[in-house]
Amino acid sequence: STCCTRSTSTSPSAADLRVVLWHGYLLGGTGSNVYTRALAREWSNAGHEVVVVSQEPHPEQYDLGSANTVRPELDGPLPTFVLDRYEGHEPRLLQDLTREECEHYVQQNAAAVRELLPADLVFANHVLLGGPVGAASGARYAVKAHGSELEYSMRGSPHLQAWGRESLAGAGAVFVGSEHIRRVLEEVVGHVERVHEVPPGVDVAEFRPRPRDEALVALLDEARRDPPNPGNANERLPDEGNADRLAAFFAGERPTVVYFGKLLYNKGVHLLLVRDIHHHADGAL
């Protein structure tokens, strides 16, 4: 019986490794979604046979190199760390779900992974619930720890911390993107063996220095092409009038800090505002 929907692209003619890349969410937006896309693209372009397992309904919209995609069918809630919109799903916070609901989700995903075996490696995103999915697959697996599950769901939850610790014990390797996340991982689940720090870096094709005048013209042109958003009612679309505001904002030569990301407390954007307020209070600005 089939447990998932599949999208197939052209596979490499001679792959070095077969990798099942598990990611329980979408492939658009930011964070681990973009990380997963980048891994799939780079590994498949390097000659490996990669299959991405996610809940992305439109994988054809993204550059995944030659990776194939699989979307497991779920009949329960989607465990998340931050409530957001997920097409076709009922997102609920991981810490608000029962262990039975989580186990059901794990088994449905593990069944999809097992259909893709044999593989040289199952690479699972997130300590929870990626660790349990990797363990339940029965294959050799590694886990990539992200800050989201550790900070938003597992910290302060003894039963989730214990489950994460148990799941990582069987992993062949655990990857973190920074020394900070390595410390957080130890704080949340305790000592973990076989941890490797691999900074994710940036896409150098997208993020590269450009002359200021050239970059500003491109930014304003892009802003003018933004879709209409009357009254800025749609939070998923850019605000109207951004081109004029950006032109005025960048008219001077003041040192400027730009924040890009969700407005979440743990992202730390408030620290920029607090620091600015303190400078004003001290008469520094």
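# Contacts, cores and backbone of a predicted model

User: Not counting residues up to four places away in sequence, which residues does N33 touch?
Analyst: Contact means heavy atoms within 4.5 Å. With residues up to four places away in sequence left out, N33 touches H23, Y25, L26, L27 and G28.

User: What pLDDT do local features need in this predicted model?
Analyst: Residues are numbered from 1 along each chain as its sequence is written, and side-chain values use heavy atoms, with hydrogens and water left out. pLDDT is the predictor's confidence in each residue, from 0 to 100. In this predicted model, side-chain atom pairs count only at pLDDT 80 or more, totals for chains, interfaces and linings use all residues, and local features need pLDDT of at least 70.

User: What is the average pLDDT of the protein, and over which residues is the pLDDT below 50?
Analyst: The average pLDDT is 89, and 91% of the residues score at least 70. Where pLDDT is low, the predicted coordinates should not be read in detail.

User: How many helices and strands does the protein have?
Analyst: Helices (H or I, at least four residues) and strands (E, at least two) are DSSP runs, numbered from the N terminus. The C-alpha trace spans about 60 × 45 × 35 Å along its principal axes. By these runs, the secondary structure comes to nine helices and 10 strands.

User: Are S32 and N33 buried or exposed?
Analyst: S32 and N33 are both in helix α1, which covers residues 32-45. Buried means under 20% relative accessible area, exposed over 50%, and partly exposed in between (1.4 Å probe, protein chains only); 39% of the 285 residues are buried. Beyond four places in sequence, S32 is in contact with H23, H126 and H146. Because S32 has a relative accessible area of 13% and N33 is at 13% relative accessibility, each counts as buried.

User: Which residues touch the most other members of the largest nonpolar core?
Analyst: A nonpolar core is a set of buried Ala, Val, Leu, Ile, Met, Phe, Trp, Tyr and Cys residues joined through side-chain atoms within 4.5 Å. The largest such core has 44 residues; those touching the most other members are V127, L128, L129, L150, M154, L168 and L185.

User: Leaving aside neighbours within four places in sequence, which residues are in contact with M154?
Analyst: M154 is one of the core residues that touch the most other members. Outside four places in sequence, the contacts of M154 are V127, L128, E149, L160, Q161, G164, V188 and V189.

User: What phi does H126 have?
Analyst: H126 sits in the loop between β7 and α3. With a relative accessible area of 1%, H126 is buried. Although H126 is not a glycine, its phi is positive, about 75°.

User: Which residues line the largest cavity?
Analyst: A cavity is a set of points on a 1 Å grid over the protein atoms alone where a 1.4 Å probe fits but cannot get out, and lining residues have an atom within 4 Å of a point. The structure holds one cavity of 30 Å³ or more, and about 40 Å³ of space lies in the largest. The lining residues are R212, F249, F250, G252, E253, R254 and T256.

Technical notes. 1 Å grid on protein atoms, 1.4 Å probe; cavity = no way out; pocket = protein on both sides within 12 Å on 5 of 7 lines; lining within 4 Å. Points joined across faces, edges and corners; volume = space filled by probe spheres on them.
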